[in-house]
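Subject: Handover of a structure and its findings

Dear colleague,

Please find below the structure that I am handing over to you. A summary of the findings follows it.

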Amino acid sequence: NAWMRTAALDFFEDGRMAVSTHGGDVWVVSDLESADPRWKRFAAGLYEPFGLKVIRDQIYVTCKDRIVRLHDFNDDHEADFYESFYADWDVSMFFHAFNFDLQVDGDGNLYYAKSGQYTDFRLPGAVIKVSSDGKTSEVVATGFRTPNGLGMLPDGRVTLGDNQGNWIPASKISVIRPGGFYGYVNNLERKGRWAPDGGQLALDRVPIPAEFEAPLIWMPQEIDSSCGGQVWVEDDRWGPLSGRMIHSSFGKARIFYLMVQEFDDIIQGAMVRLPFQFQAGVQRARVNPSDGQLYLVGLHGWNGGWPNELGEMQHGGVYRIRYTGKELKMVSNVSVQPNALVITFNFPVDREHLETLGAFDVTAWNYRWTQRYGSAQFSIIEPERKGRDRLAVDRVSLNSEGNEITLYVPELRPCHQLLLNLDVPSREGIGFREEVLFTINGIPGSR
């Protein structure tokens, strides 16, 4: 009879799953391959555990007030001792003042994210790094509104998803640079409910930086209205989608795969939605080391009444996405080049079809960074005009292998958002349609 508003998950080396709930439980789930997995409550009474990580087969959870390490000294599969591994130095009482997620780097340091808006925290939302022994911590970066989810790139860089709101023009995923500021300014309050630094901060004296770190990718509300976390899938058992970042949408109950382009000091990305619709908003994703498949967890919470394509809603859910071994036709990579978009497929495309320029539709727009809630969409060509620009595709070329096309777009330029719709059948005549969402922070060779 527990309220299963599932919040976070991770795995033991033997494939057992640990799952936390909004209400404070931690469950251990075994026999995942059977028709009737076994659920055992391992701990209870935790304070909104929105992050969970299994480290050397020991469960750590991020709560609203601290990181807790759970011990089972008598091996009865229930926690005997809840150790305050690291006590947070800001605990805000407003319901939305969550601490989100839990990640670990190669040196054993732990990372979690703190809300900015709706809290009494003095800093404007932050990524916190905690030492492997729990004795020290530091602020890695600031400027986050409601950062419901982190990720970790193979090189140890942290990623973070934040959602549209005051000071955040649209939902976005960022790669975190130590010392960086990411957009949310801590000059807002709700009198009697919450205020920065408990009301001690003079809001009219809060400096507003001239700029903030550009995200890896922006996302409009219809794509993702509230970000979850990310996971880098490296296990080859997950098929052609392995070796890339997966992003979860809490607001739309979807997942996406991302493609990353880096050059000079610029990083930018593109994303494609995967064909899954879940019954609850998904916010955490992990790969099971036992079977190599992707598992997700989430709940229905402050994401409101999002339209569910399945026509139903659940309070929470744990989901598994398996690779079936069947062929998957997909966009495998994209890059931005001077006046061109380069699209790589994992299959050869029909050369004759490319002569029809109507197979490609390109629109672009920008956002504005203001204190207001979110942003309208603005022309990249006439910056004062609201709306999107349709960019003409001048011509299309195909490489000799037949799996990479170059779209020549004369008006291409850096922009917050570019949406490419394409309709490109395979060489065998099998239809293939896809929607690719870009953020273009820069163009190689344009400096």
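Is R433 buried or exposed? R433 is exposed, with a relative accessible area of 67%; here, buried stands for under 20% relative accessible area, exposed for over 50%, and partly exposed for values in between, with a 1.4 Å probe and protein chains only.

Before the remaining findings, two notes on the basis of the values. The model is predicted, so local features need pLDDT of at least 70 and side-chain atom pairs count only at pLDDT 80 or more, while totals for chains, interfaces and linings use all residues. Residues are numbered from 1 along each chain as its sequence is written, and side-chain values use heavy atoms, with hydrogens and water left out.

Salt bridges

R433 forms a salt bridge with D423, and the closest N and O atoms are 3.4 Å apart. A salt bridge is taken as a side-chain nitrogen of Lys or Arg within 4 Å of a carboxyl oxygen of Asp or Glu. Because D423 lies in strand β30 and R433 in strand β31 (residues 433-440), the pair ties together parts that are ten residues apart in sequence. Strands are DSSP runs (E, at least two residues), numbered from the N terminus. D423 is partly exposed, at a relative accessible area of 25%. Salt bridges with shared partners also join D10, K53 and R286 into one network.

The structure holds 26 salt bridges. One of them is between the side chains of E33 and R320, at 3.9 Å from N to O. This pair links distant parts of the chain, 287 residues apart: E33 is in the loop between β3 (26-30) and β4 (38-43), and R320 is in strand β23 (residues 316-321). E33 is exposed, with a relative accessible area of 53%, whereas R320 counts as partly exposed at 31% relative accessibility. The side chains of D155 and R157 also meet in a salt bridge, at 2.8 Å from N to O. R157 is partly exposed, its relative accessible area being 27%.

Nonpolar cores

The largest nonpolar core has 52 residues, and I343, F345, F360, L418 and F438 have the most contacts inside it. Such a core is a set of buried Ala, Val, Leu, Ile, Met, Phe, Trp, Tyr and Cys residues joined through side-chain atoms within 4.5 Å. Strand β30 (residues 415-423) gives the largest share of this core, four residues. A second, separate core has 31 residues, including Y118, Y184, F212 and W365.

Residues up to four places away in sequence aside, I343 touches V331, N333, V334, N403, E404, I405, L420, L422 and F438; contact means heavy atoms within 4.5 Å.

Pockets

The largest pocket has a volume of about 700 Å³. Pockets were found on a 1 Å grid over the protein atoms alone: each is an open set of points where a 1.4 Å probe fits, with protein on both sides within 12 Å along at least five of seven lines, and lining residues have an atom within 4 Å of a point. Grid points are joined across faces, edges and corners, and a volume is the space filled by probe spheres set on the points.

Of the 27 residues that line the largest pocket, D10, K53, V104, R286 and V287 lie nearest its centre. Elements that give two or more residues to this lining include β1 (6-11), β5 (51-55) and β21 (281-287), while β17 gives the largest share, four residues. By class, the lining has 14 nonpolar, four polar and nine charged residues; Ala, Val, Leu, Ile, Met, Phe, Trp, Tyr, Cys and Pro count as nonpolar, Asp, Glu, Lys and Arg as charged, and the others, Gly among them, as polar.

The second largest pocket holds about 430 Å³ of space. Its lining has 20 residues, of which L241, L274, P275, F276 and L328 lie nearest the centre.

Individual residues

Y60, in strand β6 (residues 58-62), is buried, with a relative accessible area of 2%. Beyond its neighbours within four places in sequence, Y60 is in contact with residues including K53, F85 and L102. F378 lies in the loop between β26 (360-365) and β27 (389-391) and is buried at 9% relative accessible area. T363, in strand β26, is likewise buried, at 10%.

Yours sincerely
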